[in-house]
Amino acid sequence: MINKLFIYHKYQRYLSYILEKLIYLYDKDTGLHIKRIKLYSKLIAKELNCSKEFISEIELVSSLHDIGKIFISKKILNKEGKLTEIEFKKMKKHSLYGKYILTYLKFGDIAKNIAEFHHEHFNGKGYPHGLKGEEIPIEARIVSLVDIYDALRQKRCYKDALPHEQTLEILKNLSGDQLDIKVVDSFLKNQYKFNKIFEKFTIHKKSSSILSEISKKHYTRVDDEVI
Ligand SMILES: [Fe+2]
């Protein structure tokens, strides 16, 4: 008899792989960002003594947390400087778009929860629903921290990269406020490994992907019509 669960896991693994490759082709820096997110998430889940199945699933699907951004204009995603109120409102929709995409592609609850809730704050001041504390699924609380760590370490068009030590202090200050205390504690126990992962999977020289070169030549600004 065919094991449906086995087929489902195979399907999810295969689809995640394809989506990641597409993201990598689209933008090499984002590709490495999602690689790091997977490794960080696995570390935290292990430290929290989560089940083997959970650890393997979060490692597999945490990379898809921002998949909803494919429906956000590049003008907004790449804007230098602060977003306007309207732009930020549009940007915030990526979490719900992500949930819809992963539901459509028949991903499981862990993937959908990460996409939908990774911008919720432990203190209830996040989005899209303003959930508080343990109302937020643990997988989303984990990805929330690792996403912030990685974002702070990276240079973006609107900010400089921060060194590991400074990032550490910022995350400590967010404990119990924006971030779950036990997730921050797990991060602190593994912080050297976070730094190692970042250093190992980071391109320090500016590079552009094959697709972005093609896009620049032939399809400039087509993606801006999405919303
Ligand atoms: Fe996000």
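Me: Leaving aside neighbours within four places in sequence, with which residues is Val 61 in contact?
Reply: The model is a predicted one. Contact here requires C-beta atoms, placed from the backbone, within 7 Å. Once the neighbours within four places in sequence are set aside, the contacts of Val 61 are Ser 16, Phe 107, Ile 110, Ala 111 and Ile 114.

Me: Which members of the largest nonpolar core touch the most other members?
Reply: This core holds 36 residues. At least two of its residues come from each of helix H1 (4–26), helix H2 (28–47), helix H3 (52–61), H7, helix H8 (138–153), helix H10 (181–189) and helix H11 (191–200). The members that touch the most others are Tyr 40, Ile 44, Val 61, Ala 111, Ile 142, Leu 145 and Val 146.

Me: Against which helices do the buried residues of H6 pack?
Reply: Helix H6 spans residues 94–104, and its buried residues are His 94, Ser 95, Gly 98, Lys 99 and Leu 102. Because these residues cover an arc of only 140° around the axis, they lie on the same side of H6. The buried residues of H6 pack against helix H5 (85–92) and helix H7 (109–117).

Me: At what angle do H8 and helix H9 pack, and how many residues of each class make the contact?
Reply: The axes of H8 and H9 (residues 164–174) are 10 Å apart, at an angle of about 145°. Leu 145, Ile 148, Tyr 149, Leu 152 and Arg 153 of H8 meet Thr 167, Ile 170 and Leu 171 of H9. By class, this contact comprises 6 nonpolar, 1 polar and 1 charged residues.

Terms used
Residues are numbered from 1 along each chain as its sequence is written. This is a predicted model: local features need pLDDT of at least 70, side-chain atom pairs count only at pLDDT 80 or more; totals for chains, interfaces and linings use all residues. A residue is buried if 20 or more other C-beta atoms lie within 10 Å of its own, exposed if 12 or fewer, and partly exposed in between; C-beta atoms are placed from the backbone. Helices (H or I, at least four residues) and strands (E, at least two) are DSSP runs, numbered from the N terminus. The arc is that of the directions from the helix axis to the C-beta atoms. Two residues are in contact if their C-beta atoms, placed from the backbone, lie within 7 Å. A nonpolar core is a set of buried Ala, Val, Leu, Ile, Met, Phe, Trp, Tyr and Cys residues joined through C-beta atoms within 7 Å. Axes are lines fitted to C-alpha atoms, for helices over the stretch in contact, and angles run from 0 to 180 degrees between N-to-C directions. Ala, Val, Leu, Ile, Met, Phe, Trp, Tyr, Cys and Pro count as nonpolar, Asp, Glu, Lys and Arg as charged, and the others, Gly among them, as polar.
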